[in-house]
Amino acid sequence: MLPPPRPDWALFLDIDGTLIEHADHPEGVTIPKNLPDRLIAAQTALAGAVALVSGRTIDWMDRKFDPARLAASGQHGAEVRLAPDTPAVPIPMPKWRAPLEASLKSELASWPGVFIEHKPLSLAVHFRAVPEFGDAVMERVMALGRGLDETVEFLHGRFVIEVRQAGHHKGTAVAALMKTAIFSGRTPVFLGDDITDEDGFSAVRNMGGIAIAVGPRETHQADFHMSGPTRVRAWLADLPVQLVKVAS
Ligand SMILES: [Mg+2]
């Protein structure tokens, strides 16, 4: 049983597989019409302490969730916007990116169903449509990446491998946000569905917070579990109502 929400919570929300259903192609996702309004309502109910923490770019979040604008971390901690009205912290483009992009393009173009997502600070190779190629794809991506720069890091998600500069992850994003005026002193609560969310889970648990795993993936890091995005959205819609109850 999930604990009832409290007004001193700070909410950290993964997007794909948590707020919205996964799609084979990252641009194939559907944003439910009422989701931006629900995010705004939760943000208001928690005095601003709601952040999106995703592998997506912050720019993508702003476009897709308009008119909602939240504190955010994009690209697995590589960019952070500490408050809704401040600019995202810019991070320089890694040197290995352009050559890796070129070799992935020439090597993976022949594999139907494999899709390369170009993010400003990282490259994600998706194989959700052809999971039988997964091991071979990951092996090739890692060989190419390591060949260009020893310091690159590989993030393994469900049917995706992402290449990026080491040192940033969802846990570092949570830590940075928890130091700001909006979030500090609150109990952090992290919702996520994937392997990359484990960094967020351990960050919030280290701060006395709550980790909530979403969807079918097994994890030992989470305190509670929700069945999927439909359940998360219903919970989110109910959150302001529950907080009013707590207050009265
Ligand atoms: Mg996710």
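Select Val152 and Gln165 in this predicted model. Gln165 belongs to β8 and is the bridge partner of Val152. Next select Leu155, whose bridge partner in β8 is Glu162. Now show the whole of β7 together with β8, residues 160–165: six bridges join these two strands, which run antiparallel. Strands of a sheet pair through backbone hydrogen bonds, either parallel or antiparallel.

What lies between β7 and β8? Two residues do, and the two strands form a hairpin. Select Phe159 in the turn; its phi is positive, at about 65°.

**The sheet**

Together the four strands form an open sheet, and its order is β5-β6-β8-β7, with antiparallel pairing. Which strands stand at the edges? They are β5 (115–118) and β7 (152–157); each has a single partner strand, so one side of each is left without a neighbour in the sheet. Look along the sheet for its twist, which averages 20° from one strand to the next.

**The helices across the sheet**

Select residues 97–108, which make up helix α3. This helix lies across β5, β6 (122–126) and β8, and runs at about 15° to β6.

Then select residues 134–148 for helix α4. It lies across β6, β7 and β8, at about 10° to β8. The 15 residues of α4 reach 22 Å from the first C-alpha to the last, close to the 21 Å expected at 1.5 Å a residue.

Colour Val137, Val141, Leu144 and Gly145 within α4: these are buried. Seen down the axis of α4, the buried residues fall within an arc of 95°, so they line one face of the helix. What do they pack against? The buried residues of α4 pack against α3, β6, β7 and β8.

Zoom out and colour by domain. The domain assignment of the chain gives domain 1 as 9–90 + 168–247 and domain 2 as 97–165. The C-alpha centres of domain 1 and domain 2 are 25 Å apart. How many residues of domain 1 are in contact with domain 2? There are 13, and they are in contact with 16 residues of domain 2.

Select Ala47, in the loop between α1 (35–45) and β2 (50–53). Its phi is near 55°, a positive value in a residue other than glycine. Is Ala47 buried, exposed or partly exposed? Ala47 counts as partly exposed because it has 13 C-beta neighbours inside 10 Å, while a residue needs 20 or more to be buried.

Move to Pro67, found in the loop between α2 (58–65) and β3 (71–74). Select Asp66 as well and look at the peptide bond from Asp66 to Pro67: it is cis, with omega near 10°.

The last stop is His76, in the loop between β3 and β4 (79–81). His76 is not a glycine, yet it has a positive phi of about 55°. With 29 C-beta neighbours inside 10 Å, His76 counts as buried.

Technical notes:
Residues are numbered from 1 along each chain as its sequence is written. This is a predicted model: local features need pLDDT of at least 70, side-chain atom pairs count only at pLDDT 80 or more; totals for chains, interfaces and linings use all residues. Two strands pair if DSSP finds at least two bridges between them. Axes are lines fitted to C-alpha atoms, for helices over the stretch in contact, and angles run from 0 to 180 degrees between N-to-C directions. Two residues are in contact if their C-beta atoms, placed from the backbone, lie within 7 Å. The expected span of a helix is 1.5 Å times one less than its number of residues. A residue is buried if 20 or more other C-beta atoms lie within 10 Å of its own, exposed if 12 or fewer, and partly exposed in between; C-beta atoms are placed from the backbone. The arc is that of the directions from the helix axis to the C-beta atoms. Domain bounds come from an automatic or database domain assignment.
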